[in-house]
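Morning, everyone. Please look at the sequence and the model on the screen, and we will walk through them together.

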Amino acid sequence: MIGPGGTQVPLSAFTHFVPKVEALSINHQGQFPAVTLSFNLAPGFALGQAVDKIHAMMAQLRVPGTLDGSFQGTAQAFQASLSSTPLLVAAAILVVYIVLGMLYESYIHPITILSALPSAGVGALLALILLHYDLSVIAMIGVILLIGIVKKNAIMMIDFALQAERLEGKSPREAIHQACLLRFRPIMMTTFAALFGSMPIAFGQGAGSELRRPLGIAIVGGLLVSQWLTLYTTPIIYLYLERFARWVGRPYRPSRVQEALTDARPALAEGRHGAE
């Protein structure tokens, strides 16, 4: 090292060497040096509890602002799923409502069909709690699948009731009563087919079964609870929403299918009369 006047200053004048053990390389995440701390979960604790404990410990230690802590691996996927899952479920329900509204030309009866979803969610959560499983990402996929599986019970009844009410002129009570009687067997057949199809996933053994099991348990629990509840609640909600629609003064307008059939019948009768 060069000092004032061009004289050389030895390093021993202001520093010294000490032998130490250091890492051969410094890990980086992006442009910053990073240190990875791994942890395992103790028996009986969920990943969400561990994440909350780590956040509380960082706040208690009062880490400086220059130290940035983030999760990687499974914990990062868990946080990402928690942030996006509510938006995904809301978007799925909104899309289903729009499609059902266009299909049945109604604003209220998609609500009747979607009323089966809360019972399915409650059943899935109860099954996971009773069998001591966490609400993992795989279990959330099972809850999302229930949105498409469970609402078919109400679709079968509401579709028949609307046809009987619009085309045959029956009252809402008569229409939904006949729908419950005639659609009971198809509802039970489709539900038990989906239920028995999910049981191998819920109670199967083998490699990777512990990852798939929460998915099957969520589907089985949701189907069992929603099956029995929707058989009673869907007709009640249908009648109350019909009364509400008539109370607010909704003008009755035949559906496009009924209008098409009404326009086609006189033409068909005239054609037959001309042929005679």
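When I say helix, I mean a DSSP run of H or I with at least four residues, and a strand is a run of E with at least two, each numbered from the N terminus. This is a predicted model, where local features need pLDDT of at least 70 and side-chain atom pairs count only at pLDDT 80 or more, while totals for chains, interfaces and linings use all residues. Residues are numbered from 1 along each chain as its sequence is written, and side-chain values use heavy atoms, with hydrogens and water left out.

First, the overall layout. The protein has nine helices and two strands. Starting at the N terminus, the order is β-β-α-α-α-α-α-α-α-α-α. Of the 276 residues, 31% are buried. Buried means under 20% relative accessible area, exposed means over 50%, and partly exposed is in between, using a 1.4 Å probe and protein chains only.

Now contacts. A contact means heavy atoms within 4.5 Å. Take the contacts with a separation of 6 or more: 68% of them join residues 24 or more positions apart.

Next, confidence. pLDDT is the predictor's confidence in each residue, from 0 to 100. The average for the protein is 76, and 83% of the residues score at least 70. Which elements have the lowest and the highest mean pLDDT? Helix 9, residues 256–275, is the lowest at 46. Helix 6, residues 172–182, is the highest at 86. Over residues 264–276 the pLDDT is below 50. That stretch has zero contacts in the model beyond near neighbours in sequence. Where pLDDT is low, the predicted coordinates should not be read in detail.

Let's turn to helix packing. Axes are lines fitted to C-alpha atoms, for helices over the stretch in contact, and angles between N-to-C directions run from 0 to 180 degrees. Under 35 degrees counts as roughly parallel, over 145 as roughly antiparallel, 65 to 115 as roughly perpendicular, and the rest as oblique.

Start with helix 6 and helix 8, which spans residues 209–247. Their axes come within 10 Å and cross at roughly 160 degrees. So helix 6 is roughly antiparallel to helix 8. Helix 6 brings P172, R173, I176 and C180 to the contact. Helix 8 brings P235, Y238, L239, E242, R243 and R246. By class, that is six nonpolar, no polar and four charged residues. Here Ala, Val, Leu, Ile, Met, Phe, Trp, Tyr, Cys and Pro count as nonpolar, Asp, Glu, Lys and Arg as charged, and the others, Gly among them, as polar.

Next, helix 5, residues 137–167, against helix 6. The angle is about 135 degrees, and the axes are 8 Å apart. That makes helix 5 oblique to helix 6. Among the residues in this contact are F160 and A164 of helix 5 and A175 and L182 of helix 6. The contact has 11 nonpolar residues, one polar and one charged.

Helix 5 also packs against helix 7, residues 184–203. Here the angle is about 170 degrees, with the axes 10 Å apart. The two helices are therefore roughly antiparallel to each other. I149, K152, N153, M156 and M157 of helix 5 meet P186, I187, T190, T191 and A194 of helix 7. Six of the contact residues are nonpolar, three polar and one charged.

Now some single residues. Is T112 buried or exposed? T112 is buried, with a relative accessible area of 0%. T112 sits in helix 3, residues 109–114. Beyond four places in sequence, T112 contacts A154, I158, T234, I237, Y238 and L241.

A218 is in helix 8. A218 is also buried, at 0% relative accessible area. A218 and L125 are 93 residues apart in sequence, yet their C-alpha atoms are 6.9 Å apart. Setting aside neighbours within four places, A218 touches A124, L128, A139, G142 and L146.

L231 belongs to helix 8 too. L231 is buried, with a relative accessible area of 17%. Outside four places in sequence, the contacts of L231 are F184, I187 and M188. Between L231 and I187, 44 residues apart along the chain, the C-alpha separation is 9.2 Å.

Last one: H132. Where does H132 lie? H132 is in the loop between helix 4, residues 117–130, and helix 5. H132 is exposed, at 72% relative accessibility. H132 is not a glycine, although its phi is positive, about 60 degrees.
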